[in-house]
Structure formats: structure tokens, C-alpha cells
Amino acid sequence: MKDRATVLCIRDGRVLLVARERARWALPGGRIRRDETPADAARRELEEETGLVATTLTYLFRFGGLGTHLT
């Protein structure tokens, strides 16, 4: 699975969503390129998908997925 960066943009108590295929709504985000940090990917994806430029980002967490990994 490819690493992804997702942006949670909240303003005036409202959450920014972008339209996806088949009329689904989602948070802005996408794959992290090899040459960029997660923060850089989040900034890029936000601008590509919405035209907004982030001046400040706060890292919240890394999500490892719902699957169980047995070792």
C-alpha cells in the first residue's frame, strides 16, 4: 500500500471536502511521492485539489490501517 497524505481543513466549524468520482465526498489528499515529506505532499495535494495554499500544517497522526499484521 502506498503512503498517503490527507488534509483535515477546518474553518469556522466547517470541514473542507472535495468531490470524488461517483458523487462521493472526501478529504483532500493523495499519494506521497518518493522525493517529498508527508507535509509537502499534504500541501501539494491541497493546492492541486482545491487551489488553496496552506500556510500552517499540524501533523496529527499516522494511520496504519485496519488489518491485523501477524509476525
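**A walk through a six-strand, one-helix chain**

Let's start with Asp 12, which sits in the loop between β2 (residues 10-11) and β3 (residues 14-15). Keep in mind as you look that this is a predicted model. Asp 12 has a phi near 55 degrees, a positive value in a residue other than glycine. That is worth a second look, because most residues other than glycine have a negative phi. Is Asp 12 buried or exposed? Its relative accessibility is 73%, so Asp 12 counts as exposed.

Now step back to the whole chain. It has one helix and six strands, and going from the N terminus the order is β-β-β-β-β-β-α. The C-alpha trace spans about 45 × 30 × 25 Å along its principal axes. There are 71 residues in the chain, and 18% of them are buried.

With a relative accessibility of 41%, Leu 17 falls in the partly exposed class.

Lys 2, Arg 4, Arg 31 and Arg 34 form a positive one. To find Arg 31, go to strand β6, which covers residues 29-31. Arg 31 has a relative accessible area of 53%, so it is classed as exposed.

Is Glu 36 buried or exposed? At 15% relative accessibility, Glu 36 counts as buried, since the cut-off for buried is under 20%. What does its side chain reach? For one, the side chain of Glu 36 comes to 3.0 Å from the backbone nitrogen of Arg 33. It also makes a polar contact, at 2.6 Å, with the side chain of Arg 44.

That brings us to the charged pairs. Side chains of opposite charge can pair when their charged atoms come close. How many salt bridges turn up in the whole structure? A search finds five. One of the pairs is Glu 48 with Arg 33, whose side chains meet at 3.8 Å, N to O. This pair links distant parts of the chain, with Glu 48 in helix α1 and Arg 33 in the loop between β6 and α1, 15 residues apart. Both ends are partly exposed: Glu 48 has a relative accessible area of 48%, and Arg 33 has a relative accessibility of 45%.

Glu 48 has another partner, Arg 44, and the side chains of the two meet in a salt bridge of 3.4 Å, N to O. Why are these two about one helical turn apart? Because Glu 48 and Arg 44 lie four residues apart in helix α1. Arg 44 also pairs with Glu 45, in a salt bridge of 2.9 Å, N to O. Here the burial is another story: Arg 44 counts as buried at 16% relative accessibility, and salt bridges that share partners join Arg 33, Glu 36, Arg 44, Glu 45 and Glu 48 into one network. Glu 45 is likewise classed as buried, at 8% relative accessibility. So the network takes in buried Glu 36 as well as partly exposed Glu 48.

Last stop: the segment after α1, where you'll find Val 53. Is Val 53 buried or exposed? It has a relative accessible area of 60%, so Val 53 is exposed. How far is Val 53 from Leu 16 in sequence and in space? The two are 37 residues apart in sequence, while their C-alpha atoms are 13 Å apart in space.

Terms used. Residues numbered from 1 in each chain as written. Predicted model: local features only at pLDDT ≥ 70, side-chain atom pairs only at ≥ 80, totals over all residues. Heavy atoms only, no water. Patch = residues over 30% accessible without salt bridge, like charges linked within 9 Å, V, L, I, M, F, W, Y side chains within 5 Å. Areas by Shrake-Rupley, 256 points an atom, 1.4 Å probe, with all protein chains shown as cover. Salt bridge = Lys/Arg side-chain N within 4 Å of Asp/Glu carboxyl O. Lys, Arg positive; Asp, Glu negative; His and termini not counted. Charge placed at Lys NZ, Arg CZ, Asp CG, Glu CD. Buried < 20%, exposed > 50% of the residue type's maximum accessible area, 1.4 Å probe, protein only. Polar contact = N/O pair within 3.5 Å; in protein donor to acceptor, adjacent residues only side chain to side chain.
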